[in-house]
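Hi everyone, thanks for having me. Please take a moment to look through the sequence and the model, and then I'll walk you through what I found.

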Amino acid sequence: MDKKPSPKKAPGFCSLRYGLALIMHFSNFTMITQRVSLSIAIIAMVNSSQPHGLSNASAEGPLAETLSDPSTSIKEFNTGGMAWTGQFTIWAKWAPPLERSKLTTIAGSGAAFGSFIILCVGGLISQALGWPFIFYIFGSIGCVCCLLWFTVIYDDPTHHPCISVREKEHIVASLAHQSSSPRRSVPIKAMARCLPLWAIFTGFFSHFWLCTIIITYLPTYISSVLHVNIRDSGVLSSLPFIAASSCTILGGQLADFLLSRNLLRLITVRKLFSSLGLLLPSLCAVALPFVASSYVTTIILLILIPGTSNLCDSGFIINTLDVAPRYASFLMGISRGFGLIAGIISSTATGFLISQDSVSGWRNVFFLSAAVNMFGMFFYITFGQAEIQDWAKEKTMTRL
């Protein structure tokens, strides 16, 4: 009963930890906009210097070329990967267990929101002001972000000069069960034998498999199946990203609401949102070949796939903070590595299948993606856990 007053004692949204989440949201926004603006600017530069030599490659403009490059989503993954994994080191010391979903999803949604913004305005800036202004604008935003990061972000709440006493006590008390001593080594063998970790890795593999296909081949699918030139609507191509950003934040709010009201156990919440984030996009993907004749229905399903898929952000994606908070950043890096492998395989397989036959190829792509998602969902439901593993506790480290 001693922990019940903590929500009343600790500040809510207008608190330093939520300020950190907004700064990280801003950081992820900045990183993704700079990455995509580089793709847009490079194409604009080449087109301005060699308008005829690249007429076939860029017939649909910078936006379409940026989205249709199969390596774009992989490069974006690499760009934000180190920063996103590093942020988990901070959340391991700043995020109370009942607020982890909220804080991490607020921070992580910045990438999807950044993609939405840059895809809406990047081409317009390039055409109206010239491609150098893409770098001037988003580079300036990056400088502001750096300034905020170095002045506001601290490793832990105990050393932050601006945190209130109430908030510091609330965070420290909520994380009292976690080890605070520096880790001495990484128990690789114990990690390799840990099924809950493999459940997380499998979830990442399944999640990135379908998401990479949608992000990479969205323009190709729209143009080949719906026969629509994606140049005609930059907003249309960016809608999946705003849906993903919104669902990420809403999912985090709902997950922590269920936990704070004691409606569901932690592991139940993680498995619920993981299941929804893998099952719902699979159903949308399987339905796509059967509604190809309907433009509106197809667009809705294409928007829903990345949107519902990001419900996983409140599931296995932050599960490393539950099972091994002292190694959360390291394990997040490995998890994203599995996601990168899935993206490479799925992109290659998709390109091969649709090159054989467009109609049956797309159907096989979506059915295969649904099968991969279902495997990841059942594996995580079976082996996923939310308790700190023995090898991640301080007593394990003292024996080494």
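**Inside the fold**

Let's begin with the largest nonpolar core, which has 71 residues, and those with the most contacts inside it are Trp91, Leu197 and Trp391. The helix that gives the most to this core is H9 (residues 195–225), with 15 residues. A second, separate core of 12 residues includes Val36, Ala41, Phe116 and Leu119.

Before I go on, some ground rules. This is a predicted model, where local features need pLDDT of at least 70, side-chain atom pairs count only at pLDDT 80 or more, and totals for chains, interfaces and linings use all residues. Residues are numbered from 1 along each chain as its sequence is written, and side-chain values use heavy atoms, with hydrogens and water left out.

A nonpolar core is a set of buried Ala, Val, Leu, Ile, Met, Phe, Trp, Tyr and Cys residues joined through side-chain atoms within 4.5 Å. Buried means under 20% relative accessible area, exposed over 50%, and partly exposed in between, using a 1.4 Å probe and protein chains only. Helices are DSSP runs (H or I, at least four residues), numbered from the N terminus.

Next, leucine 20. Is leucine 20 buried or exposed? Its relative accessible area is 0%, so leucine 20 is buried. You'll find leucine 20 in helix H2 (residues 16–49). Apart from neighbours within four places in sequence, leucine 20 is in contact (heavy atoms within 4.5 Å) with Trp91, Trp94, Val152 and Ile153. The C-alpha atoms of leucine 20 and tryptophan 149 are separated by 8.6 Å, and these two are 129 residues apart along the chain. Tryptophan 91, leaving out residues up to four places away in sequence, touches several residues, among them Arg17, Leu20 and Leu321.

That brings me to charges. A salt bridge is a side-chain nitrogen of Lys or Arg within 4 Å of a carboxyl oxygen of Asp or Glu, and by this rule there are five. In one of them, the side chains of arginine 17 and glutamate 99 meet at 2.5 Å, N to O. Arginine 17 lies in helix H2 and glutamate 99 in the loop between helix H4 (72–94) and helix H5 (100–128), so the pair ties together parts that are 82 residues apart in sequence. Both arginine 17 and glutamate 99 are buried. Arg17, Glu99 and Glu167 are linked in a network of salt bridges.

Finally, aspartate 390 and lysine 393 also form a salt bridge, at 3.5 Å, N to O. Aspartate 390 is partly exposed, at 49% relative accessibility, and lysine 393 is partly exposed, at 31%.

Definitions and conventions: Helix = DSSP H or I, 4+ residues; strand = E, 2+ residues; numbered from the N terminus.
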